[in-house]
Amino acid sequence: MEKSKVYFTKDISSQGLIKIFEALNRELKGKVAVKISTGEPGGHHFLSPQLIKPLVDKLSGTIVECLTAYHGKRFEAKDHWQTIKDHGFYDIAPCDLMDEDGEMEIALEGGKHLKGHNIVGTHLKNYDSMLMLSHFKGHAMGGFGGALKNMSIGVASKNGKAWIHSWGNTTEPDKCWDFADNQDAFLESMAEACKAVVTFFKPENMAYINVANNLSIDCDCDANPHAPEMADIGIFASLDPVAIDQCCYDQIMNSADKGKASLVNRMIEKHAIHTVEEAERLGLGSREYEIIDIDK
């Protein structure tokens with residue numbers, strides 16, 4: 001069986017982003033959603049608007065986001081819109097808060113926890129294709145955040161996030177944290193949510209880019225993230241969400257950078273790789289990959 005291709009460049013720049021997207025040879029057709037994290041106010045590791053603008057322009061893309069399940073500055077629509085503006089994204093491209101006008105269920109087959117559906121913003125139906133443009137870093141609950149986290153928790157509506165965090169037990173944000181005792185069920189639910197999104201768009205209408213910079217142990221949803229302790233790595237791109245996250249995980253685990261220790265510990269402590277394992281089991285891709293260095 002042919003290994004999935006993961007493209008790589010050390011060039012963390014707007015030009016590097018465009019070059020690695022072009023290496024995928026994937027045309028994203030129709031109205032293109034570019035899913036990023038706009039970042040919690042106070043944090044500053046989220047992808048720079050200036051970094052991503054040329055690629056978003058090239059795709060004639062719309063930056064899309066959803067409300068959070070925790071009470072911060074992105075829990076209510078008016079506050080999230082202010083964050084989008086304050087962080088500079090509103091100035092570089094059209095932006096869309098996908099669950100601002102409500103939510104809808106999208107079908108899921110083969111899941112163990114989410115009872116046949118994922119919950120997303122109603123605006124998702126307005127898009128024909130999606131680029132998961134993810135900042136790869138640590139995460140306090142998932143261990144790491146990359147393409148799969150961005151596609152699951154990131155695309156889910158506020159109540160959909162609660163649905164995933166509680167592994168199908170509640171859609172109420174204030175109650176979902178009562179189910180944080182079953183880590184593997186949460187990780188499996190993230191993979192299930194990813195399957196629903198891929199089924200909705202179809203694999204041929206999706207692409208994945210992970211920017212491995214500002215490698216904090218904390219997510220961009222953290223208002224006071226820990227300072228990065230290891231050096232930036234580069235940009236990864238693939239048509240396989242399983243392969244790209246497995247590759248980034250391996251890059252951290254096998255790095256010679258001594259600053260990796262806290263991030264490695266975070267990923268191991270949270271059993272982070274299990275999301276990737278479950279996504280493979282659900283047929284979203286392969287953990288077997290080959291890296292193609294486009295700088296060579």
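I began with strand 2 (residues 32-35) and strand 7 (residues 129-135), which pair in the parallel sense over four bridges. For me, two strands pair if DSSP finds at least two bridges between them. In this pairing V34 stands opposite L131 in strand 7.

A note on the source: this is a predicted model, so I take local features only at pLDDT of at least 70 and side-chain atom pairs only at pLDDT 80 or more, while totals for chains, interfaces and linings use all residues. Residues are numbered from 1 along each chain as its sequence is written, and side-chain values use heavy atoms, with hydrogens and water left out.

Eight strands form an open, mixed sheet in the order 4-3-2-7-10-11-1-12. Strand 4 and strand 12 (289-293) are at the edges with a single partner strand each, so one side of each has no neighbour in the sheet. Strands and helices here are DSSP runs numbered from the N terminus (helices H or I, at least four residues; strands E, at least two).

Then I turned to helix 3 (residues 77-86). Which of its residues are buried? I found A77, H80, W81, T83 and I84. They cover an arc of only 155° around the axis, which puts them on the same side of helix 3; the arc is that of the directions from the helix axis to the C-beta atoms. Buried means under 20% relative accessible area, exposed over 50%, and partly exposed in between (1.4 Å probe, protein chains only). The face turned away from the buried side carries the exposed K78 and D86. The buried residues pack against strand 3 (62-65) and strand 4 (95-97), where contact means heavy atoms within 4.5 Å. Just after helix 3, G88 has a positive phi of about 95°.

Last, I checked the rings. Rings of Phe, Tyr and Trp (its six-membered ring) pair if their centres lie within 6.5 Å; planes under 30 degrees apart are stacked, over 60 edge-to-face, and the rest tilted. By this rule I get seven aromatic pairs. One of them is W81 with Y90, edge-to-face at 6.2 Å centre to centre and 90° between the planes. W81 counts as buried at 18% relative accessibility, whereas Y90 is partly exposed at 44%. I also noted that K85 lies over the face of Y90, 5.0 Å from the ring centre. My rule there is NZ of Lys or CZ of Arg within 6 Å of the ring centre and within 35 degrees of the ring normal. F136, F144 and Y249 form one aromatic cluster.
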